[in-house]
Structure formats: structure tokens, C-alpha cells
Amino acid sequence: MLAFILRLILAALSGAAAFTSYEPLGWWPAGIFAAGLFYFALLPWPQATKTRPTMAQGALLGFVHGMACYLLLLPWIGEFVGNPPYIALAVACSLYAILTGLGGIAVARSPWGFLAFPFWYLAIEFARSSFPFGGFAWVRLAWGQVDGPLAGLAQWGGPALVTVAAVLIGVGIAQLCATQILTSARANARLVSVRVTSVVVVLLPLLGGAVATFQLNRPDNTFDTITVAAIQGNVPRLGLDFAAQRSAVLHNHVRETKKLAAKGQDVDLVIWPENSSDVNPFSDRDAYDAIASAVDAVDTPVVVGTITRRDGDPYNTMQTFLPDRDAQSGQPTMTPGEFHDKVYLQPFGETLPMRSFFEKLSEYAEMAGNFVPGNGNGVLHIPTRHAADMANSRNSDEPVDLTAGQRDIAVGVATCYEVAFDEAFRRSIDNGASILTSPTNNATFGFTDMTYQQLAMSRMRAIETDRAMVVPATSGVSALIDPAGKVLADTEIFEANHLVDTLPLRSGITPAVRFGQVLELAFVLVGVVLGSLAVIRRRMKE
């Protein structure tokens with residue numbers, strides 16, 4: 001009994017350690033340590049303990065590990081709706097960790113189980129990130145490695161490969177420690193082989209990650225640059241009721257854009273955050289005129305986060321507006337360009353699955369939106385002044401009309417919550433995106449860790465796709481990120497500000513974009529097979 005209590009303590013400590021690897025703490029070695037410590041809690045210890053953990057105990061160890069991590073990681077969920085939804089989500093995520101512990105106990109019975117466990121771990125992470133209701137990919141272990149040497153592996157296999165590498169190193173160290181204890185009195189050839197293999201699996205991912213990181217942000221695929229501005233207008237006050245002050249939020253972003261224009265700095269593209277104009281400019285003349293005044297001030301395309309309706313359905317839309325002139329009066333105006341409707345909606349926020357059921361469970365359910373998912377290709381083709389200049393430089397006898405779209409910049413868009421989904425930006429890249437943006441609205445989460453956790457995902461996506469990233473947020477943190485995931489400039493939370501920098505336009509497709517989904521599914525299949533066989537074999541012996 002005492003041994004199992006010690007295992008429970010180790011499982012809880014491993015979950016807490018995993019939490020510290022995520023931003024804003026960002027202690028990336030802690031994520032590796034957490035994986036190893038959890039696996040050590042699952043291992044059969046020296047015979048002096050006289051007992052080995054059962055399958056049921058492994059399930060409990062997994063649940064404790066998950067709860068310790070998610071209760072610390074996700075308090076922002078309840079920032080303005082109270083603790084019940086936040087605790088419910090932490091419990092739901094931890095239910096998956098039951099399977100991690102159950103299968104982990106089974107594979108840990110073999111001295112070579114440390115080679116199978118990382119794939120089993122990924123299989124459960126994949127399930128948690130995929131269903132139900134689209135899953136919750138926010139808690140992937142890979143996000144905590146964005147500042148470490150394993151982050152470069154994202155370009156080769158996406159977050160899935162980073163997760164496997166981190167767990168493999170952690171369990172390799174755990175197995176090495178375990179074999180050292182087990183062979184302290186009498187070594188044998190098999191355990192020596194396990195020890196050597198443990199050292200190898202620790203060193204190989206680290207070496208591979210270091211080499212991959214060294215290869216990041218190479219200029220080979222840069223075919224041009226673009227000067228981009230990210231606008232952070234801020235919100236009048238915190239809380240869910242900020243949406244009631246939509247006009248104020250809109251005018252904050254108009255004001256900040258005009259401040260940028262007043263500096264006289266030429267920019268090729270301006271990007272506002274998600275929900276920067278919750279007043280639909282296509283149905284509200286005042287909102288349309290306000291945005292038009294900002295577009296005229298900077299005299300360049302502006303991408304605006306707004307709410308639109310088509311065929312009676314509401315969409316969370318990033319809408320491009322192009323500077324123009326009225327044909328008759330010659331007065332400045334604007335022309336709508338391409339738009340991106342958010343595809344991956346936040347369940348229980350922007351949409352509510354099984355609405356009639358959940359409305360009976362919680363009074364907060366009625367606060368969820370009823371947005372409809374988009375079906376676009378994740379790319380905005382924007383005819384910027386810079387694109388027109390490039391065309392003119394190639395053929396000075398044929399000037400290019402900025403609004404004609406003959407030359408444009410392909411901007412990949414994943415709005416806020418979409419950044420957690422692998423296919424969002426991979427689809428953008430497949431459709432020609434040369435630079436990326438993830439406009440977001442984090443105002444309802446106050447001063448919590450949420451915005452920093454999301455920024456880490458954007459940085460990982462920049463590495464994965466070899467693209468620069470623009471992250472405009474209504475209330476922060478906004479950031480400009482280079483293709484190596486380095487933050488070039490950022491803002492503080494809840495301030496009005498803007499960021500400007502010249503970013504590379506990239507071509508080429510990384511292995512992660514081209515093969516990442518296939519690699520992840522292959523890893524998951526390996527994990528399911530090895531884990532299931534281990535569970536079956538364990539059940540037959542018990």
C-alpha cells in the first residue's frame with residue numbers, strides 16, 4: 001500500500017511538472033522530466049516492494065497525472081464563467097489519461113516497454129485532440145517544447161513528432177534509472193542491452209532536434225519580403241460583457257490604425273484581430289464608414305475580424321478591405337476583398353453541440369454562440385501595393401491596379417482556436433500561402449495564461465510550416481514571429497498598440513505539411529497495436 005501511495009505522489013508530481021513546461025513558464029525540460037517520472041511510477045519496481053501495480057491502479061495513476069496537469073493548466077476556462085466548466089473540462093481530459101496509465105502499466109512490464117510507451121502516449125493524445133466535438137488539442141505535450149531543442153522536429157513531423165520525441169527521451173531516462181537499480185547487485189546481458197538502448201533513445205531525439213533546429217529559418221525558400229502591421233486596439237473593460245461595447249472596440253482599432261498611419265511608415269498589409277469589429281460592416285453603415293476611414297488612412301489593405309451573415313447564418317469572418325476611390329466623386333472608399341470564415345469553431349463557446357441537452361445542465365450553456373463553420377481553403381489572396389510594385393518592376397509598361405487582384409500575396413489564416421488544429425495551416429500551405437496569420441480575441445480570459453499558451457502554438461506552427469506568422473489580438477498578446485518561431489516583436493496584455501516589421505514570404509512545403517498527417521496516423525497505429533497487445537497479454541496473465 002505504501003508503494004502505491006508513493007506511485008500516486010509521483011504521478012501527481014509528474015502532472016504538475018508537465019504544466020510548468022507550458023507558457024508562460026515555458027520550462028521545456030520539465031515536460032521531458034514529467035513523461036519520465038510518470039513512466040517511472042508505472043514501472044515494476046525492485047522486488048523489495050513485493051507488489052506490482054495492477055491495471056486498475058495504472059488507470060488511477062493516469063487519472064491523477066492528468067488532473068494534476070490540467071487543473072493547473074486550464075483555470076482560464078473558468079475566468080468569467082466560474083469553476084464548474086473549468087473543472088469539468090479538466091476531468092474530461094483526464095479521462096483519456098486513464099487509458100494512458102492503463103496501457104502504460106501493461107507495456108511497462110517489459111524491459112523494452114519504454115520503446116512502445118511514447119507511441120501509446122501519442123495515440124491517447126491524438127484521441128483527446130480529435131473527439132468528441134473535434135477534441136481538445138490545447139493540452140498536447142508538444143506545445144511545451146517550443147523553446148527547447150526538440151521544437152525543430154516540428155518541421156519534419158509536426159507536433160506529433162515533438163510529443164513522441166519528448167516522451168521517448170523521458171521514458172528512456174526513466175528506464176535507464178530503473179535498470180541501474182535493478183542491476184545494482186547482479187547485471188545480466190539483457191538488462192545491459194536495455195541500458196544501452198535507453199541511452200541511445202535519449203541521445204538520438206536530442207541530436208535530431210538540435211540538427212533540425214539548426215536548419216530552421218534558412219533563406220533558401222524566401223522569394224520576397226512584406227511589411228506587415230498587427231493592430232491591437234484593446235477593449236474597454238474585461239469580461240464577457242465586452243461584446244456589448246462592440247462599437248468601442250471597433251473604434252479602438254480604427255484609432256490605433258490611424259496612429260500607425262500618422263507615423264508615415266509604409267506598410268503593405270494591416271491585420272486586425274478576431275472580433276475587432278463585432279458590428280457587421282455590411283449591415284451597419286457607421287461601422288462600414290469607420291473601417292473605411294482606417295483603410296483610407298493607411299492606404300493599404302486591412303484584414304478585419306468581424307461577424308457576417310449569409311443566408312441567415314452567422315460566421316466568424318476575417319474580411320479583407322481594399323483601399324479604393326469612388327468613380328464619380330473621387331472620394332476615398334473601400335472595396336471588400338476575399339474573406340475567411342472560421343472552420344474550426346470552439347465548442348461550448350462559438351457553438352454548442354447537443355444544445356438542448358447541455359442547456360438543461362448549466363445556465364452558462366445559453367451563452368454559447370450558434371456560429372456556422374466555414375468551408376474555405378484557409379487563404380486570403382490580397383492585392384497589396386507591394387505586390388503591384390513587384391509586378392510593375394517586372395514590366396513597367398503594364399501598371400497593375402491594386403484592386404484588380406492580378407498580383408497578390410497569399411496569406412494563410414487560422415483564426416484563434418483554429419491554430420490548435422494541424423490541418424488548418426497545412427491546408428493554407430497546400431493552397432499557396434506564403435505568410436500566415438492567427439488573429440485572436442482573448443479579452444474574455446483576462447490576465448490568465450491562455451494568451452501565452454496560444455502564442456506558443458502559433459510559434460510552433462511557424463516552425464512546422466517554415467512561414468512567418470502575424471498574431472494580432474484584441475487585448476494581447478499580439479506578436480510578429482519569424483519562421484524559426486522567434487518572437488520579433490510583441491505587446492503587453494490590455495494595452496492599445498501596434499507592431500510593424502518586414503517579414504519573409506516563403507515558398508516550399510515542409511515534410512510536416514506534406515507527410516505530417518500520414519506520419520502521425522502511422523505513429524498512432526503503432527501505439528494502438530503495441531498498447532493493445534500489451535494490455536491483452538497482461539489480462540491473460542492476471
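## Rings, charges and a buried helix

The charged end of Arg310 sits over the ring of Tyr315, 4.3 Å from its centre. Here, a charge sits over a ring if NZ of Lys or CZ of Arg is within 6 Å of the ring centre and within 35 degrees of the ring normal. This is a predicted model, where local features need pLDDT of at least 70 and side-chain atom pairs count only at pLDDT 80 or more, while totals for chains, interfaces and linings use all residues. Residues are numbered from 1 along each chain as its sequence is written, and side-chain values use heavy atoms, leaving out hydrogens and water.

**Exercise 1.** Find how Trp112 and Phe114 are paired.

*Solution.* Start with the rule: rings of Phe, Tyr and Trp (its six-membered ring) pair if their centres lie within 6.5 Å; planes under 30 degrees apart are stacked, over 60 edge-to-face, the rest tilted. By this rule there are 15 aromatic pairs. One of them, Trp76 with Trp138, is tilted, at 5.0 Å centre to centre and 45 degrees between the planes. Now take Trp112 and Phe114: the centres are 6.4 Å apart and the planes at 25 degrees, so this pair is stacked.

**Exercise 2.** Decide whether Trp112 is buried, partly exposed or exposed.

*Solution.* Recall the cut-offs: buried is under 20% relative accessible area, exposed over 50%, partly exposed in between (1.4 Å probe, protein chains only). Trp112 has 34% relative accessibility, so Trp112 is partly exposed. Phe114, at 0%, counts as buried.

**Exercise 3.** Work out why helix 2 is largely enclosed.

*Solution.* Helices are DSSP runs (H or I, at least four residues), numbered from the N terminus. Helix 2 covers residues 28-42. Of its 15 residues, 11 are buried, so the rest of the structure largely encloses helix 2.

Terms used:
Helix = DSSP H or I, 4+ residues; strand = E, 2+ residues; numbered from the N terminus. Expected span 1.5 Å × (residues − 1).
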